[in-house]
Amino acid sequence: MEAMDFRREELRSAHGAVCRGSVDFPTVEFEYGDTDSRGAELAELYSYTEEPELSTNRRCFEEEFCPQARGRQWPQLDTAQQKAHILRLLEGLEVVSRERRLRAARAILYLAQGVFGDCESEGDVLHWSRHNSFLLYQLGTFSAFLELLSMEIDNSQACSSALRKPAISLADSTELRVLLSVMYLLVENIRVELETDPPEWKSCRETFRTELSFPVRSDEPFALLLFTMVTKFCSGHAPHFPMKKVLLLLWKVLLFTLGGFEALQTMKVRRREELGLPPLPEDSIQVMRSMRAASPPTCSIELAEQQQKRGHRSRRPLMKQDSLDIYNERDPFKNDEAGVDEEEGDEVDGGIEGELDLMERDALLPTIPAQRPPIERVLFPKGLPWAPKVRQKDIEHFLEASRNKFIGFTLGQDTETLIGLPRPIHESVKTLKQHKYISISDVQIKNEEELEKCPMSLGEEEVQETPCEVLYRAILYNLPQYMIALLKILLAAAPTSKAKTDSINILADVLPEEMPITVLQSMKLGIDVNRHKEIIVKSISALLLLLLKHFKLNHIYQFEYVSQHLVFANCIPLILKFFNQNIMSYITAKNSISVLDYPHCTVHDLPELTAESLEAGDNNQFCWRNLFSCINLLRILNKLTKWKHSRTMMLVVFKSAPILKRALKVKQAMMQLYVLKLLKIQTKYLGRQWRKSNMKTMSAIYQKVRHRMNDDWAYGNDIDARPWDFQAEECTLRASIEAFNSRRYDKPQDSEFAPVDNCLQSVLGQRLELPEDFHYSYELWLEREVFSQPIRWEELLRYQ
């Protein structure tokens, strides 16, 4: 018996240590933005397997440069001499020899990498990389590399050679990797704006943005070429394409041409002003940055020990919570005992994944056990972080229910007539209208309905030619294939995916020609492969979120079209599968070797790597790219499911609630906010027992997520929660999207609404395009179609 007690105590202490490890995890000091730091973004372009190629690039440059420089280094030349040498290198790109073209391209890549052989610090490398990128663009380097890239994409010999090989390695994509690296460095260095930039660099940046957004030489934007590379890779026709570099470049091109999140917020404010809508109630970016993270999950063993020390207490019936006024009470601790009795048992039964203590402001603190340090009572800020919003539809539903109850009939969409309704209903309607929010999407949908009803009287719609509009028009007809291809790559890169024979190979640009033979080499390659997958997930999640947000601002039906195809391609279960892992381990993963990262490896002597140093990793508290990816995927899931009951039911069917609750363990306010939003929209479908067992999660939702005044999310009485309407909802939406795309983008020349020219002289004066052989058979045509046909004069008289 003593041995059993000892064993039980040992297990309890070990489990307690694990729990304390999760509970003691500090708040993640993470600031969400468009990208990571400039150095980190440049470092992620290269895999550790590519490190020897840095010296190859340097050698190719010095072979061309040293005979011309006469002992001087690149930073010692003036701008005119630097431009002259770049022009000589560009001439080398036009030779017939493939090997000489590659050497010239490598020399240009060395310039874009910052001539690290002449630099003493990482800052110098980044400075010269940016300086050279502007010089290279001004001399037409991007256009030259674009032509070479198009040639390599159409290179059938390279594709067939890669298809015949049993295993594809770095050597199969050498030319493509060099070209994509130069283009990525140009886009990334020119995209970032600094206060110290000279005026010519600013004008150069705007010219480059316009060139990428509105192509001059072709009818297709540059992003379309990269989308085509993605689909060609996923179809199996070009397995040697370096997909990580393609996706990183595609993401940065979209970020550069469309704009980041802050630019998007500015465009949204400006668009609301143009439409005559009231300003936004708050800046969502600033609100989320000011929010604090919630508490981590509570361990079940600690709760059980607390219960034993406290003794078994007679359980009182559940007490009704004080509505919404509990957060405005002067004494927020008056219901402490009720809070303990109500939730204590549920937390013990719930296990490690049971109740999450998410009360950010400690509104319902339980009785503090003796062994725990005292917790300071915090003061409540006035009000909640978000201003409540009310839709026009919500007001109509409220009035419809009130009229049915008090009058016995309804007045349709009339929200002004309140005759016959009691005074409290008048006050309720007034409060709802004070918080009424009209979105840009509502205005766009209303305009689309009017255009469908009155195409003749309203005339042609004026469509503003924005970069977003140009991109949507370019990718419209192949958009389903693009979305499927991106999700295929995301599935292959997800850490929860198992290797299958039919899955695509995304490691073509990370595996060396010769596989590792020592344990140290295997460890290094394993870290490189995991890092490679993480970067792919980061780029796909970021570019999908950018597309969704920009298309939603440009036109709601463009956003809905992309969303539907993501849903049809199983994006929702894919994201849930991604989060069905130990998310804390993923966020704190150390799949990086800092001494091998660019630009550190170019200016420092590399220390001897050991198995212990590789296992230790870096000293960062968390992995920025992994946390960034998680937040992006949660935001995409929110975009897909918001106000879509059929998709919300998918979350319920796939049992997403426990998966999402595990994600709440990450102490980062923004990530927790989007998890709580996803839990809120499905709460009404999870049943009374789930809500009863997760009251603290419910309280956290109330505390962090925006309120919809008459949204019955917590009780399941919403009239929209009717399962038989779900399929009809998607079909109606699809019909609206198809009508929009057909009206705006499928414009036939012989439309029935086209104007008719009734003037005889202008009609006879028009020049008609006739086939070349028409004049040979003109007389025969006259004889057959005119002279030999009898003229029925009586029929002509009959129609007068």
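How many cavities of 30 Å³ or more are there by this rule? The count comes to 4 cavities, a cavity being a set of points, on a 1 Å grid over the protein atoms alone, where a 1.4 Å probe fits but cannot get out. Grid points are joined across faces, edges and corners, and a volume is the space filled by probe spheres set on the points. The model is predicted, with local features requiring pLDDT of at least 70 and side-chain atom pairs counted only at pLDDT 80 or more, whereas totals for chains, interfaces and linings use all residues. Residues are numbered from 1 along each chain as its sequence is written, and side-chain values use heavy atoms, with hydrogens and water left out.

The largest cavity has a volume of about 170 Å³. Its lining comprises 21 residues, of which Tyr 46, Ser 47, Glu 50, Glu 51 and Leu 54 are the closest to its centre; lining residues have an atom within 4 Å of a point. At least two lining residues are supplied by each of α3 (51-69) and α9 (174-191), helices being DSSP runs (H or I, at least four residues) numbered from the N terminus. By class, this lining holds 9 nonpolar, 5 polar and 7 charged residues, where Ala, Val, Leu, Ile, Met, Phe, Trp, Tyr, Cys and Pro count as nonpolar, Asp, Glu, Lys and Arg as charged, and the others, Gly among them, as polar.

The second largest cavity contains about 120 Å³ of space. Helices α5 (98-112), α7 (141-153) and α9 each supply at least two residues of its lining, and the largest share, 4 residues, comes from α5. Residues lining the second largest cavity include Arg 98, Leu 102, Met 151 and Leu 179. The lining consists of 6 nonpolar and 4 charged residues, with no polar ones.

Two helix pairs were also examined. Helix α31 (residues 656-663) and helix α32 (residues 669-682) have axes that come within 9 Å and cross at roughly 160 degrees; axes are lines fitted to C-alpha atoms, for helices over the stretch in contact, and angles run from 0 to 180 degrees between N-to-C directions. The two helices are therefore roughly antiparallel to each other (angles over 145 degrees). In the contact (heavy atoms within 4.5 Å), Leu 660 is one of the residues of α31, and Leu 678 is one of those of α32. This contact has 7 nonpolar, 2 polar and 1 charged residues.

Helix α29 (residues 624-641) packs against helix α30 (residues 645-653) at an angle of about 130 degrees, with their axes 8 Å apart.

Methods. 1 Å grid on protein atoms, 1.4 Å probe; cavity = no way out; pocket = protein on both sides within 12 Å on 5 of 7 lines; lining within 4 Å. Parallel < 35°, antiparallel > 145°, perpendicular 65-115°, else oblique.
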